[in-house]
Amino acid sequence: MSWTIGILGLTHDHVWTHLADLARRDDVRLAVAEPRAELRAQAEQAHGGIRLYDDAATLLERERPQAALVFTDNAGSAALVELAASHGAAVMVEKPMADRLANAERMMVATGRAGVPLMVNWPTAWNPAIRQALALASDGEVGEITRFSFRGGHAGPRAFGVSEAFAEWLYDPARNGAGAYMDYCGYGASMARLLLGLPSRVQATVGRLRTDDIPVDDNAVLTLRYPRAMAVVEASWTAAGPVPQPGPIISGARASLVVLSRTASQPARLLRVSAESPEGEEIDVPPLPTGEDTATGCLIARLADGRPIDGLVSAPVGRDTQEILEAGLLAARAGQDMSLPLRG
């Protein structure tokens, strides 16, 4: 079967990895909609033969893609998801689903009414060591989970080298929803949600510690409280080099699972730490299923055989992660815990 895939927007830099993955496939016909001429030219130069449009509506009407992938700012994603769903296209939106919960809810309503799948892509879903850690923890390997932690970040978008089109909205609180908090806390919050569900209470400390020339936060700590567990998620745009050992670390009554970052010489690794193995025993990390080891590969495979989009990239996990993030921002502004679920 051949697939027509529409790319809606090119201002989220993650798009270029997905475009390259799709361009390598013989069964995919690509079309891109992007208002900025320079970005359309960049896509054409990188991958010749792509059909180019300056607006999403025209692409959807003319191409009738089976799936649409959204790569715009967080605030603008909901409108494109609604538009794609109204044309019967399955939708993948890049993390973190939206800028706020109301827009995530719009996506859920639009795709639900249209009866089309919605996938929220967290790049952590394609890390085999993280995937194995989540699977083992879900299967009871550590016993009842009591602690979850994750941290992520870099030196800041421009210092890290993102495109100006990407940086332009990452530093805009109205288009991003926040700064480092929105960029990185969702990674850990989504994994905690997958393992433990929606927390009962949320706390957050969000601040601009070093970069006085930007209007958004550059560091954040998000804490999730469950009846019998806690999760701590850290985000930084002021890291001096890579964030050391971001994890996740998943701890329970019997053991802890620790994901060690990949290095130049080896992929990410997984350790099981326990009283019997205090220095940690290495756990075998199987490769991801063939054909489902990338976001676009998984989306196409699931559409082809009719299986649902589940796990970390499912729409319910994405939607609940957005609620956690919103609760954290409300808690930070109020200076007090916020209870979940949010009301009103």
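The largest cavity is lined by His12, Asn74, Lys95, Pro96, Trp169, Leu170, Asn176, Met182 and Asp183. This is a predicted model, in which local features need pLDDT of at least 70, side-chain atom pairs count only at pLDDT 80 or more, and totals for chains, interfaces and linings use all residues. Residues are numbered from 1 along each chain as its sequence is written, and side-chain values use heavy atoms, with hydrogens and water left out.

**Cavity and pockets**

On a 1 Å grid over the protein atoms alone, a cavity is a set of points where a 1.4 Å probe fits but cannot get out. A pocket is an open set with protein on both sides within 12 Å along at least five of seven lines. Lining residues have an atom within 4 Å of a point. Grid points are joined across faces, edges and corners, and a volume is the space filled by probe spheres set on the points.

The structure holds one cavity of 30 Å³ or more. Two helices, α8 (164–170) and α10 (180–196), each supply at least two residues of the cavity lining. Helices (H or I, at least four residues) and strands (E, at least two) are DSSP runs, numbered from the N terminus.

The table gives volumes and lining classes. Nonpolar covers Ala, Val, Leu, Ile, Met, Phe, Trp, Tyr, Cys and Pro; charged covers Asp, Glu, Lys and Arg; the others, Gly among them, are polar.

| Site | Volume | Lining classes |
|---|---|---|
| Largest cavity | about 30 Å³ | four nonpolar, three polar, two charged residues |
| Largest pocket | about 1,400 Å³ | 20 nonpolar, 15 polar, eight charged residues |
| Second largest pocket | about 320 Å³ | ten nonpolar, three polar, four charged residues |

The largest pocket, with a volume of about 1,400 Å³, is lined by 43 residues. Closest to its centre are Pro123, Thr124, Tyr184, Tyr187 and Arg262. Elements that each supply at least two lining residues include α1 (15–23), α10 and β12. Strand β7 gives the most, with four residues.

The second largest pocket has 17 lining residues. Arg131, Arg302, Asp310, Gly311 and Leu312 lie nearest its centre. Helices α6 and α11 each supply at least two lining residues. Helix α6 gives the most, with five.

Two strands pair if DSSP finds at least two bridges between them. Nine strands form an open, mixed sheet in the order β14-β13-β12-β11-β7-β10-β9-β8-β15. Its edge strands, β14 (281–282) and β15 (338–339), each pair on one side only. Helix α6 (residues 128–138) packs on this sheet and touches β7 (145–153), β11, β12 and β13 (269–273). Contact means heavy atoms within 4.5 Å. The direction of α6 makes about 170 degrees with that of β12. Axes are lines fitted to C-alpha atoms, for helices over the stretch in contact, and angles run from 0 to 180 degrees between N-to-C directions.

Strands β11 (residues 249–252) and β12 (residues 256–260) pair antiparallel over three bridges. Ile249 has Val258 of β12 as its bridge partner. Helix α12 (residues 315–334) lies across β8 (201–207), β9 (219–226) and β15, at about 65 degrees to β8.

**The six-stranded sheet**

Six strands form an open, parallel sheet in the order β3-β2-β1-β4-β5-β6. Here β3 (51–53) and β6 (118–121) are the edge strands, each pairing on one side only. Neighbouring strands of this sheet are turned by 20 degrees against each other on average, direction ignored. Strands β1 (residues 3–8) and β2 (residues 28–33) run parallel, joined by six bridges. Thr4 stands opposite Arg29 in β2.
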